[in-house]
Amino acid sequence: SAMPPERTKTLTEAFDKGTVEALAAVLQLSVDELEKSGLLHDTMGAGIPKYTELREKLYTAARNYALDGVHTPVELVTKGDESSQPLARHNMDAQWLWYDGSMSPAEFCTAFCIRLGIVQRHLRVHPARCDCGATVTNDLEQIQHTFSCDQFTSTTHTRRHNMLRDEICRVCMSFGISAVKEPTCYAYE
């Protein structure tokens, strides 16, 4: 951001393109599939800045700080979730996006794709008819149906609940916080 924006256009375009291509390669998707999600540059999705569009704001902010000591924050990613992906709105905490080794690389890639409303090619089963009678015709329907129907996958709601419960307990205990998997001290009505 220390170089004038008219001199950084080619550099930022190459960087932006390379970043998206690298993500596509890691997730085993096409660049078009990623861009169609509408979430590449949003905090609710991949959270990747679009530096080509931000270069003037970044330069101005850096210049103002260097010359006048005025700190001008620049939003690097959108926060509005302009996409049509309803799943993204439920991923308010993006910390899991920063791979920490608790998931296998394959699980991380799958979770990242689900966040973007995309199913990796090797996991796509649509078009398909579930044993419950529902028809799945696209990625988003496949993701939503997988999470809501026990007949569509061998992983039941109970198993998913238990896996999530166990992981939450593991994380709590790794920070020294005691956790009970199934507390019995609460009255449920």
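Start with α3. Its buried residues are Thr52, Leu54, Arg55 and Ala61. Buried means under 20% relative accessible area, exposed means over 50%, and partly exposed lies in between, with a 1.4 Å probe and protein chains only. Helices here are DSSP runs of H or I with at least four residues, strands are E runs of at least two, and both are numbered from the N terminus.

A word on the source. This is a predicted model: local features need pLDDT of at least 70, side-chain atom pairs count only at pLDDT 80 or more, and totals for chains, interfaces and linings use all residues. Residues are numbered from 1 along each chain as its sequence is written, and side-chain values use heavy atoms, with hydrogens and water left out.

Back to α3. What do its buried residues pack against? They pack against α1. Contact means heavy atoms within 4.5 Å. α3 has 18 residues and reaches 24 Å from first C-alpha to last, close to the 26 Å expected at 1.5 Å a residue. That expected span is 1.5 Å times one less than the number of residues. The helix bends by about 30° at lysine 57. The bend is the angle between axes fitted to the seven residues ending there and the seven starting there. After α3 comes glycine 69, with a positive phi near 70°.

Now the aromatics. There are 2 aromatic pairs in the structure. Phenylalanine 15 and tyrosine 51 make an edge-to-face pair, 5.7 Å centre to centre, with 65° between the planes. Rings of Phe, Tyr and Trp (its six-membered ring) pair if their centres lie within 6.5 Å; planes under 30 degrees apart are stacked, over 60 edge-to-face, the rest tilted. Phenylalanine 15 lies in α1 and tyrosine 51 in α3, so the pair ties together parts 36 residues apart in sequence. Phenylalanine 15 is partly exposed at 48%. Tyrosine 51 is partly exposed too, at 25%.

Next, the core. The largest nonpolar core has 17 residues. Such a core is a set of buried Ala, Val, Leu, Ile, Met, Phe, Trp, Tyr and Cys residues joined through side-chain atoms within 4.5 Å. α1 and α4 each give two or more residues to this core. α4 gives the most, with 5 residues. Leucine 23 touches Leu34, Leu40, Ala46, Ile48 and Phe112, leaving out residues up to four places away in sequence.

Last, the loop between α5 and α6. Phenylalanine 152 is found there. Its C-alpha is 9.2 Å from that of glutamine 142.
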